[in-house]
Amino acid sequence: MTKLDDTDQRILRELQRDARQPNLALAERVGLSPSACLRRVQALERAGVIRSYRAVLDPEKLGIGFVAYVTVGLNAHTKQAQESFERAIARAPQVRECHNITGTVEYLMRIETPDLAAYKHWHTEVLGVLPQVQSITTFVVMGSPKDDRA
């Protein structure tokens with residue numbers, strides 16, 4: 001684990017807020033000289049703390065009008081069942097996140113589709129036909145008052 005001081009933490013918060021801001025602006029916001037700020041950012045990148053930079057897209061402008069979280073329980077608790085399920089899910093563009101979790105089910109996924117009809121088709125024709133799937137529970141997102149994902 002990399003030891004991060006308060007300045008590193010401020011740099012990371014600022015970059016999460018806006019990774020495209022110029023180094024000069026970032027340095028000013030975190031209270032460093034531009035050269036010291038750049039050195040710290042580069043050190044965070046080398047250490048793997050900063051893995052990549054991404055664009056945050058507007059789902060509405062991309063035609064995404066339906067978001068749901070889906071839990072999936074498998075019918076067999078084997079490595080082969082998990083790997084088969086994960087391979088199938090990796091091919092589904094509607095699945096924006098997939099997490100192997102503990103509890104009464106094995107997976108939690110974030111699904112994005114244009115609308116409810118498209119979700120129903122994916123639920124029935126893609127997820128519902130996977131032989132490893134025993135249970136599916138859908139939680140429809142009605143709003144997101146906080147979303148820090150990048």
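Student: Which residues do ring pairs link into a cluster?
Tutor: F66, Y119 and W122. Keep in mind that this is a predicted model.

Student: How many aromatic pairs does the structure hold?
Tutor: There are 3 aromatic pairs. One of them joins Y119 and W122, with 6.0 Å from centre to centre and 40 degrees between the planes.

Student: What is that pair called, going by the angle?
Tutor: The Y119 and W122 pair counts as tilted.

Student: Where do Y119 and W122 sit in the chain?
Tutor: Both belong to helix α5, residues 116-127. Y119 and W122 are 3 residues apart there, so about one helical turn separates them.

Student: Are Y119 and W122 buried or exposed?
Tutor: Buried, both of them.

Student: Switching to α1. What span does it have?
Tutor: Helix α1 runs over residues 6-17 and reaches 17 Å from first C-alpha to last, close to the expected 16 Å.

Student: Which residues of α1 are buried?
Tutor: T7, D8, I11, L12, E14 and L15. Down the axis of α1 these buried residues fall within an arc of 165 degrees, so they line one face of the helix.

Student: What does that side pack against?
Tutor: The buried residues of α1 pack against α2 (23-30) and α3 (34-46).

Student: And which exposed residues are on the face turned away?
Tutor: D6, Q16 and R17.

Student: What does D5 reach at the start of α1?
Tutor: A side-chain oxygen of D5 comes to within 3.1 Å of the backbone nitrogen of T7. T7 is also one of the buried residues of α1.

Key. Residues numbered from 1 in each chain as written. Predicted model: local features only at pLDDT ≥ 70, side-chain atom pairs only at ≥ 80, totals over all residues. Heavy atoms only, no water. Helix = DSSP H or I, 4+ residues; strand = E, 2+ residues; numbered from the N terminus. Expected span 1.5 Å × (residues − 1). Buried < 20%, exposed > 50% of the residue type's maximum accessible area, 1.4 Å probe, protein only. Arc of directions from axis to C-beta. Contact = heavy atoms within 4.5 Å. Polar contact = N/O pair within 3.5 Å; in protein donor to acceptor, adjacent residues only side chain to side chain. Phe/Tyr/Trp six-rings, centres within 6.5 Å; stacked < 30°, edge-to-face > 60°.
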